[in-house]
Amino acid sequence: MNMEEKAKKALGKNLQTPNSGKKKPGEFHPSVVEIRFLSSGLTLPYYSDNFDLQEGDMVYVDGKMEGRQGEVVRVSHNFKIDLDNYHRVVEKLNTEVHGTFYSAKHHFFTLDQDAIPVEQVRPWLIAPKKSVGGLVIGWDDSGFPLDDLEQMDVSPQIADRGVEYYLHHQVLYLNVSGTKGYAIVRGNQADPYEVEFCYQDGEISRLTCNCYCTDHCKHMVAVMLQLREMLAVMQQQNESIAPLNSDFSAILKEILTFYADLKRRPSFRL
């Protein structure tokens, strides 16, 4: 073997890298990505070492844009950077939606609990937060029938505001699984509020909201009205969507349409 052949052979060996070939399960190729933030229109670079990102993916980052959703507009796997100058991608949103949905006025609903589960939809609407004090929840044994909301015992002012929230479609998402209920309600803060409750045999109990009210609030009133509407709609459509059960998820149409169509690959059926 002459010197030229030896040089070519050595060069060929050096060009083989550990990243060549297929990735192992759970393995990610680091990247530098450009992210356009929906709220401001800014486009900024970030480092990603925990996610395989593609153009069109929705993400959250750390740093000064923490808590704001951004869309990946460019991905590069060839880079040499100083990590002191780059913030990171901290969460990738799951926008893959599958299942059959039905129309209910301003919402879509589905009987498939795997179509838009709470853990998938929550990051669409609520930014991840670092809790300092931890989450504490408490309730008593009180309750009321869903068909008699006067027993919620709220003031006329709270009731009126709750009705207004309901009529203006502020209940963004509603899920009932077994006896457990969960809803996301748009309020007057940047992040929506979360309402949780127990629903069994027409009775509501363990009703809580993470707003600052110490009693039943307008967000709860709006959710109860939305729950009544959804159950009535499903009862009316019982023949076309049989078999009917109490488990369902409902989401504001504009939200589902935005996330499901984000990559121009809708995968749900109406």
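In this predicted model, the largest nonpolar core has 35 residues, and Phe-197 and Met-224 have the most contacts inside it. Seven elements are listed as giving two or more residues to this core: helix 3 (156-167), strand 10 (171-177), strand 11 (180-185), strand 12 (193-200), strand 13 (203-209), helix 4 (218-236) and strand 14 (248-252). Helix 4 supplies the largest share, 10 residues. Another core lies apart from this one and has 23 residues, including Phe-101, Phe-108, Tyr-173 and Leu-256.

## The chain as a whole

The chain contains 6 helices and 15 strands. Of its 270 residues, 39% count as buried. Among contacts with a separation of 6 or more, 64% are between residues 24 or more positions apart. The accessible surface comes to about 16200 Å², and carbon and sulfur atoms account for 49% of that surface.

## Strand 10 and its partners

How many residues of strand 10 are buried? The count is 6 of its 7 residues, which leaves the strand mostly covered. Strand 10 pairs with strand 11 through 6 bridges, and the two run antiparallel. Within this pairing, Ser-177 has Lys-180 of strand 11 as its bridge partner. Strand 10 and strand 11 form a hairpin with 2 residues between them. In the turn, Gly-178 has a positive phi of about 65°.

Strand 10 is also joined to strand 14, by 4 bridges, again in an antiparallel arrangement. Here Asn-175 has Ser-249 of strand 14 as its bridge partner.

Val-176 belongs to strand 10. With a relative accessible area of 1%, Val-176 falls under the 20% limit and is therefore buried. Val-176 and Ala-250 are separated by 74 residues in sequence, yet their C-alpha atoms are 9.0 Å apart in space.

## His-219 and the cysteines

His-219 lies in helix 4. Its relative accessible area is 3%, so His-219 is buried. Leaving aside residues up to four places away in sequence, His-219 touches Tyr-165, Val-185, Gly-187, Tyr-193, Val-195, Cys-209 and Cys-211.

Two of those contacts are cysteines, Cys-209 and Cys-211. How many disulfides does the model have? The count comes to 0. Cys-211 is in no disulfide, and the nearest cysteine sulfur, that of Cys-209, is 3.7 Å away. Cys-211 counts as buried at 12% relative accessibility, and Cys-217 is buried with a relative accessible area of 0%.

Most residues other than glycine have a negative phi. Asp-201 has a positive phi of about 55° although it is not a glycine, and Arg-206 likewise has a positive phi, of about 50°. Asp-201 sits in the loop between strand 12 and strand 13, while Arg-206 is found within strand 13. Is Asp-201 buried or exposed? At 75% relative accessibility, Asp-201 is over the 50% limit and so counts as exposed. Arg-206, with a relative accessible area of 45%, is partly exposed.

## Relative accessible area of selected residues

| Residue | Relative accessible area | Class |
|---|---|---|
| Val-176 | 1% | buried |
| Cys-211 | 12% | buried |
| Cys-217 | 0% | buried |
| His-219 | 3% | buried |
| Asp-201 | 75% | exposed |
| Arg-206 | 45% | partly exposed |

## Helix 6

Helix 6 covers residues 253-260, and its buried residues are Ile-255, Leu-256, Tyr-259 and Ala-260. These residues lie on the same side of helix 6 because they cover an arc of only 110° around the axis. In an α-helix there are 3.6 residues a turn, so residues three or four places apart point the same way. Leu-256 is also one of the residues of the 23-residue core.

Terms used:
Residues are numbered from 1 along each chain as its sequence is written. This is a predicted model: local features need pLDDT of at least 70, side-chain atom pairs count only at pLDDT 80 or more; totals for chains, interfaces and linings use all residues. Side-chain values use heavy atoms; hydrogens and water are left out. A nonpolar core is a set of buried Ala, Val, Leu, Ile, Met, Phe, Trp, Tyr and Cys residues joined through side-chain atoms within 4.5 Å. Buried means under 20% relative accessible area, exposed over 50%, partly exposed in between (1.4 Å probe, protein chains only). A disulfide is a pair of cysteine sulfur atoms within 2.5 Å. Contact means heavy atoms within 4.5 Å. Accessible areas come from the Shrake-Rupley method with a 1.4 Å probe; for residues, only the protein chains shown count as cover. Two strands pair if DSSP finds at least two bridges between them. The arc is that of the directions from the helix axis to the C-beta atoms.
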